Each structure stands twice: as C-alpha cells, then as structure tokens.
Amino acid sequence: MPPRTDATTTMTAMDHLLDDLTPPQKEAVLHTEGPLLVLAAAGSGKTRVITRRIAYLISCGVPAWSILALTFTNKAAGEMRERVQTMLAPDGEETRQSRGLTVSTFHALGARLIRRYGELAAHDGVQLGIKSDFTIYTSPDQLAAVKATVLSLGLSTTNWPPRSVLGAISKAKNELLDADDYAMRAGDFFSKNIAKLYAGYQKRLRAANAVDFDDLLMLTAKMLRESKAVREECQRRWQYLLIDEYQDTNHAQFTIASMLAGEGPAEGDGPNVCVVGDPDQAIYSWRGADISNILEFEERYPKAAVITLGENFRSTAPILAAADALIRHNKKRKHKDLFTSREGGEPITAVLCRDERHEAQLVADWLRSHAEDEDGVGYAWREMAVFYRTNALSRVMEDALREAGVPYVIARGTAFFDREEIKHALGYLRVVANQADDVSVGRIVNVPTRGIGATSLGRVREATAEAGISLWEGLQQAERVEGLSTRAVNAMKGFVELIESWTGHGSFLGKEMAGSLAELVERVIRESGLEKSYKHQAETTKSEADAERLDNLSELVSSAAQFEEEYDPASDPFAFDLDATDPGGTDSPTLGTIEMPPLLAMLRAYLEKVSLVADADAVDPASGSVTLMTLHAAKGLEFPVVAMIGLEEGLLPHSRAHASEDDLEEERRLCFVGITRAMRLVQLTSAKYRTIRGMRDRTIPSRFIEELPREHTLVSDQSDAWDDPHDDFNDTGGYPSGSAGGSSGSGPLAKAKQELPIGSRVRHPQFGAGEVLSLEGGSSVRAKIKFRDVGVKTLVLEYARLQRLS
C-alpha cells in the first residue's frame, strides 16, 4: 500500500503532478485510501484529476497493474492512458512504470474478463454458456438475430418490430434479468411474448457462440457475483478502482463496480474506490443509467470522503451563470456552486424565430457571422456546433447550411461501419474469426452472388436446426442435405474452401496465410469478390456514391493497418504475464496468457474494437466543418461556439417527459449539458411554428428559456421580422414584413436605414464588398446585400459585422 497524503519523501519528484491544480483538485489527487466521491461540475477538469490521481498512485509506489480505471468511451480511455504516460515521463522517455495499467470501458473490460475468467468461473460452478472465442454482435447483427427469432416463433415483425423487441431485452439485461428471470415476472400479453423472444434470441446467440453488448455486462456481473474465485482474483489484482462518469452507470455496471471494489480491509474506511461524476449531467436513463448510483454513494459507503469541483475552466461567466440558474430548478441533485475565474463574456442569446426555415437560416447566418475571416479573426468551422434534441431536426438545418455554403458533418457514431460494403467485409472477417457465427455466415454466404439462393440456404438451415449444428457445419456437409442441386452444393463447398484458405483450415498457420492483419483484410475484400462486384457496380452506374464504396473498402484496409501499427499485445492486461518481470510473484496474482495464433488474436481484437465504437468517438476534432449532433451525443465534448435549436415544449423538454417529474428533470439536465458544452458563445432558438408530419403547428417556447436569468440572457423575438418567400401566411394580417401593413418605420429598422441607407457600400468579413439593396424587419433588421464575389445575401444586421464603406 502507498503512504497516505503525508508522502513528503517523494513529493519533490511529484511536484509536476500537483503544481497547476486547484486546492479541491489537489485534495482529490492526494486522497488515496478509502472511498471517495468527486462531484465534478461541467468543465471542472475531472479528467485531469483522474489521470493525475493515477500518476500520483504510481509515483507513490503502487504497481500500475493494481489500478483499474473505467470510463464509457474508447476515446476517453485512450486519452487517459496517454496523459498518464506523459505525466510519468514528461521528457518523452520510455517508462515501464505504467506497464499493466488497465484503463478501459465497461464493455471492453467485460469482454476481457469473460474471455480470461470464464473457465475459472465454470470450475466454480458458474456457467456462462459461451466459449472464450465468442463473437460480439454489433447492432445490425443483433437486429438480424431478433428478426429471425420473431419469424421462427410465427410472429409478425410488423407487430413485433425487432428494434423494439431488442430494446425490451436490453432493458431486462441491464437490470440483470436473464430470460428465465424475465419469464417469471411476465404477467401480460406483451411481456409474455417478449419472454419467449428473449429466450429464443439468447438461444440463437449461444448457438453462434456470440454475445451482444448487454451480455458483456450481464455475464460479467453474473460471473463476479456468483464466482468467489473470480471475484477474489479480480479484487487481489485491482487494489485501486477509479470510475469516470459515475452518474451514467446502470444497474449492471453498478454491480460490476461493487463486486470489483469489495468491502475493503476490515480496519479501514472501505475499499479504495474513487467515483467521479455529476448528477446534473445524468442524461441517459433511457438506456438504463440510474442517477441513484451517484446520489446514494455515501449511503453505500458511510465513511466516504466527498470533494466538490465547482470551478469551471471551459465556459465564460455569463454562460456558466445561466446554466447554474437553470439546473437549480431540479430537486434530484447534489448542489455545488458553479463559478469561473475567467472575466468577461457575452450573454446567452435566445431567439424566437418564425418557423424552422427561419430558425435554420438565422443559425446559419449566426455561424457565418462568427466565422474566421481572412485576418484570422473569428472561429474556425470545426470550433462550432449545432445541437438538437432529436435527429429529425437536422434536415432543415442541413439544407440551410448547404445553401449558405457552410461545411458541416453529422456525428452519427458508427456510421462508417454501418455502410453496406463495410458490413459485408466485416461479416467475412467475423466468419474468419468465428465460424459458429450464424448471423455473419448467413449475411455473406451469397454476397456477392455465388449461386446459393434463399431456397437452398433455407434447406441447409432446416437441416442444421434438426441436427443441432451450426450453419457453417451444415455448409461443410452440404452434399448430405436433401433437395440441393449439384450447383448449390458446389457453390457451398467453394464458399467453405474460400473461408478455410484465409484461416489455414483453422490453424492460422502455413505459407498461404496472410502475413499481417491489413493483408488479411485486403485478401478478404479482393478474393471474396466484394471489390470486383462494387467496381462493376460503380462502372455501370457512374455514380459517385458507388465509387465511394470502393474508397470505403480501401479505408477499411487502412483502418486495419492503423490498428495493427498501434496494437501492442503486452499492453493487454490479460496477455501480460507478471511472472516474466517479477519471478518471485510476490506483488500480484499470476496472470497467464491464452495461447492463440497471433493473427487470430489481432483479428479478434480489431473486431472487438470495431464493435465497441461510440457516438462521441466518431467526431473528428480536426475536421474543418460545423458539427451537427444530438444533445445526448454532445456529452463530454466542448466547442467555442454552440447553437441549440428546437427549444420548444414537446421537443425540449420532450413530450414524453411531461407526465413525470423525474423525466422533466432529465430534460432540464440535457439542456444544461448542451449549454455547458459552450466555451464562448451560445445561441438558443425556438420556432413559433414548426411543420410536423406535413402540418404547420403553433408551438410554445420551452420553459427552459424562461428559467434562464435575464441578466445573463439576451432574448430576441424575431418571429414577425422575417419574410419567407415560401410562406404566404403572416400573423400581421397577411402582409409580409417590410411591405404594406408591416413595419411602422420607427425603431431598429429606422435606425438601420439611417446608418445603412439603400445603395450604400459595405464590407463583410467573409463575403467582402457589397451594396445594400433593401432593409426589412422589426426588432431584428435583415439587410439584402449584393456582394461582388458571392452574389445576393440576406443577413441579420445584429450579427453581420458590416463595415460601411460609403
């Protein structure tokens, strides 16, 4: 055990770990023993605290292999590892101090624990029902398996949509209810049918030696809870547990964390478990997250220390003050004063727009008005983001950005790996890694077409179901299946031989085997016929989209090459044999290695990484584009300039939240999260009318706008100050603004006409020189300007930053 916070003998060597920390941050880093709850406000430097704490423990003499840090995204885990390494070796020198350190997501940890300890659990009487070489099904794989289960039970996918069924099963697994437990609780028609589908789905997964994402957590929790041998082995290994974003943990993750932490030494204050989180940012209840895990931490560990990080290093004072005032309306929270030492800053702008088209154009204009000019003044596109409650709101926004010439990217998580050609290639690779994977075999057995039709494949499926064997084994014995033509049998044999040529008939050895992961992926793409098929398709259609499919396949090879370049078997804590460096074996329980051909091990690791990609991992910070994303996907990110659209009752807060105070509080937390992503500028918009299912509906501005403090919020009603050429309806009696019956000729418009009369010449920081053609509007004036280089543009003067030339 390391010395406690009085470790003055090593303090000089560790000064760089503590120098730039605030007093609360330093307190959290120095608190090494016993349970600790760190309440970290948005932008308060929690990642710095976690990584410094890890580095401090190691510097105190704690073996790195005895430290486990858990987080929610691969990106966050990677950044933590890199930061710890940098702090332990600030000069960039190689160091072995961090060897064996485990920084992982819950799901990745679960996958490795099951592979490593599944056999030990079985010896302890705990049967997981899978072998260590299991496949992780991605979302499309899961949906395919559920659909097949629905049809096999004679049910309709219309009445039982696979996605809805999968959601119900996922919820049950997050609550650690297996199929039998769920069936015992099922009381109505719906739940009884879900119970049957759950059981059938699990049977299908196990037959393929496959698991889904929720299984990774449920099986790990089961193994740790029921196997004393596994639980004690893990607790001996990991003496120090750190958990990030604790407010987002579900019941399964809570159980895993509790089992890993244990009760701690009898004479101590409890286990060395440090959880970091913020109840005010708990926004994932819809996927099983339980805010009570963090709210009740002190009840579970009565001697826990609590440290509050309230100072925000991200946002300006007005943004922070507005967000703080908003979240104070919630009751289920642990209060902490939010503050910043940064002075100045612009107030939040809340704009009431005419409709969604006006809203989108206004946001596009606002983003352009703050875009970097030729002199480098302003913000790069990649420093801007547009957030919305639901994906459906992005369409009109995308149109406006395209028309305005603003580059943008939509963060959709696993979009690259969801593309048809990539799914087919990964299907082949999954079969190479695990021939028992029936879903992947069924997906690619006739892609590209090789003469194995649905009827022939159906006969093989029937035969394998009757014999109780996998689809792959059925294809191997195709000649024994009744009713198959010679052509179909030969095609199936050819398919089997193709797969076996890539696996060395299962040995992954021999001179014909690929020498690298990238070479294997390239061979699969080429020899499977995928490349030839898509090339022919592109040449036939002359379509850019079809041509891009080939580029995507090439990118997959590059992805494999990059993974191979960065892959280090020694960094995997379950492939790390401590006895190799510690012959005495006194510092840690022995961790052996599972013998496996290196190429197969790397392929499985690659497929596992691909399966565990998350939304936030997909955002490219180096992209020169405005980022469009949902508020949920924005969690954990930051942008200097943020626009939030659709702040209306029924959207934010969502209509589903109106019946529950808990749900309403989560919607408020969601709004809070969006605002606190912003570093410098925030604009909130609400449309007076919004088209829903083709109908134009009157809306009510979100209550969250009303809850913002007026001293930090500039509210602007522009709903009657916009002339939409597509809209012949106008609240002012049918007259478009700026025409008869419109403006009275006083106020902002009159002032604008004095400062920028028709015909005057102006300069815009982005569009250059131009001539004012017309002015219109009410509280917010819009100018139509003919620019020399880009033509006619309509700008909101409030944001246009125009300079009059003459």
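**Exercise 1. Which residue in β12 is the bridge partner of Phe387?**

Before we start: this is a predicted model, where local features need pLDDT of at least 70 and side-chain atom pairs count only at pLDDT 80 or more, while totals for chains, interfaces and linings use all residues. Residues are numbered from 1 along each chain as its sequence is written, and side-chain values use heavy atoms, with hydrogens and water left out.

*Solution.* 
- Find strand β10, residues 384-388; strands here are DSSP E runs of at least two residues, and helices are H or I runs of at least four, numbered from the N terminus.
- Look across to β12 (residues 626-630), which runs parallel to β10 and is joined to it by 4 bridges. Two strands pair if DSSP finds at least two bridges between them.
- The partner of Phe387 is Met629.
- β13 (residues 639-644) is also joined to β10 by 4 bridges, again in parallel, and there Met384 sits opposite Val641.

**Exercise 2. Work out which way the side chains of β10 point, and whether they are buried or exposed.**

*Solution.* 
- Recall the rule: in a regular strand the side chains alternate between the two faces of the sheet.
- Met384, Val386 and Tyr388 point one way, Ala385 and Phe387 the other.
- Now check burial: 5 of the 5 residues in β10 are buried (under 20% relative accessible area with a 1.4 Å probe, protein chains only; exposed is over 50%, partly exposed in between).

**Exercise 3. Describe how helix α9 packs against helix α10.**

*Solution.* 
- Take α9 (residues 189-207) and α10 (residues 213-226): their axes come within 13 Å and cross at roughly 90°. Axes are lines fitted to C-alpha atoms, for helices over the stretch in contact, with angles from 0 to 180 degrees between N-to-C directions.
- So α9 is roughly perpendicular to α10, a label that covers 65 to 115 degrees.
- Next, list who touches whom: Tyr198, Gln202, Leu205 and Arg206 in α9 meet Asp215, Met218 and Leu219 in α10, contact being heavy atoms within 4.5 Å.

**Exercise 4. Find the residues that touch the most other members of the largest nonpolar core.**

*Solution.* 
- A nonpolar core is a set of buried Ala, Val, Leu, Ile, Met, Phe, Trp, Tyr and Cys residues joined through side-chain atoms within 4.5 Å.
- The largest one has 70 residues, and Ile114, Leu216, Met223, Cys234, Leu241, Leu260 and Phe297 touch the most other members.
- Helix α5 (residues 106-123) gives the most to this core, with 8 residues.

Definitions and conventions:
Angles under 35 degrees count as roughly parallel, over 145 as roughly antiparallel, 65 to 115 as roughly perpendicular and the rest as oblique.
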